[in-house]
Amino acid sequence: MKRKEVRDLAAEELRQKERELRDEIFRLKMKRSASALENKMLIRNRRRDLARVITVLRAKAEGKAN
């Protein structure tokens, strides 16, 4: 996910995206532990997406979002 895409989402959509990413990261970690995950970079990419979403959510809550 690009930064611009995240900034364009509404607060409720960001919360939903956060839940989806947390769930996906959990599932990817389970797959990794079972040695069934082929692309191990997926976890890192999803964690970065989650960090972007959380950052934008906090900025919107503080009223700093454009």
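Arg22 is partly exposed, because its relative accessible area is 45%, where partly exposed stands between buried, under 20% relative accessible area, and exposed, over 50% (1.4 Å probe, protein chains only). The model is predicted, so that local features need pLDDT of at least 70 and side-chain atom pairs count only at pLDDT 80 or more, while totals for chains, interfaces and linings use all residues. Residues are numbered from 1 along each chain as its sequence is written, and side-chain values use heavy atoms, with hydrogens and water left out. Arg22 also forms a salt bridge with Glu18, with 2.9 Å between the closest N and O atoms; a salt bridge here is a side-chain nitrogen of Lys or Arg within 4 Å of a carboxyl oxygen of Asp or Glu.

**Overall fold**

- The chain contains 3 helices and 0 strands, arranged along the sequence in the pattern α-α-α; helices (H or I, at least four residues) and strands (E, at least two) are DSSP runs, numbered from the N terminus.
- The C-alpha trace spans about 45 × 15 × 15 Å along its principal axes, and 20% of the 66 residues of the chain count as buried.

**Salt bridges**

- Arg22 and Glu18 are separated by about one helical turn, because they are 4 residues apart in helix 2; Glu18, in turn, counts as buried because its relative accessibility is 18%.
- Glu12 forms a salt bridge with Arg15, the closest N and O atoms lying 3.1 Å apart, and both residues belong to helix 2, where they are 3 residues apart, about one turn of the helix.
- Glu12 counts as partly exposed because its relative accessibility is 48%, and Arg15 is likewise partly exposed, with a relative accessible area of 37%.
- A network of salt bridges links Glu12, Arg15 and Arg19.
- Asp8 forms a salt bridge with Lys4, in which the closest N and O atoms are 3.5 Å apart, and both Asp8 and Lys4 are exposed.

**Nonpolar core**

- The largest nonpolar core has 8 residues in all, namely Val6, Leu14, Leu21, Ile25, Leu50, Val53, Val56 and Leu57; such a core is a set of buried Ala, Val, Leu, Ile, Met, Phe, Trp, Tyr and Cys residues joined through side-chain atoms within 4.5 Å.
- At least two residues of this core come from each of helix 2 and helix 3, and helix 3 provides the largest share, 4 residues.
- As general background, nonpolar side chains in soluble globular proteins tend to be buried together.

**Positive surface patch**

- Lys29, Arg32, Lys40, Arg44, Arg47 and Arg48 form a positive surface patch; patches are made of residues with over 30% relative accessible area and no salt bridge, with like charges joined within 9 Å and nonpolar side chains (Val, Leu, Ile, Met, Phe, Trp, Tyr) within 5 Å.
- Helix 2 (11-33) and helix 3 (41-62) are the elements that give two or more residues to the positive patch, and helix 3 gives the most, with 3 residues.
- Arg44, one of the patch residues, is found in helix 3 and counts as partly exposed because its relative accessibility is 42%.

Key: Accessible areas come from the Shrake-Rupley method with a 1.4 Å probe; for residues, only the protein chains shown count as cover. Lys and Arg count as positive and Asp and Glu as negative; His and the chain ends are not counted. The place of a charge is taken as NZ of Lys, CZ of Arg, CG of Asp or CD of Glu.
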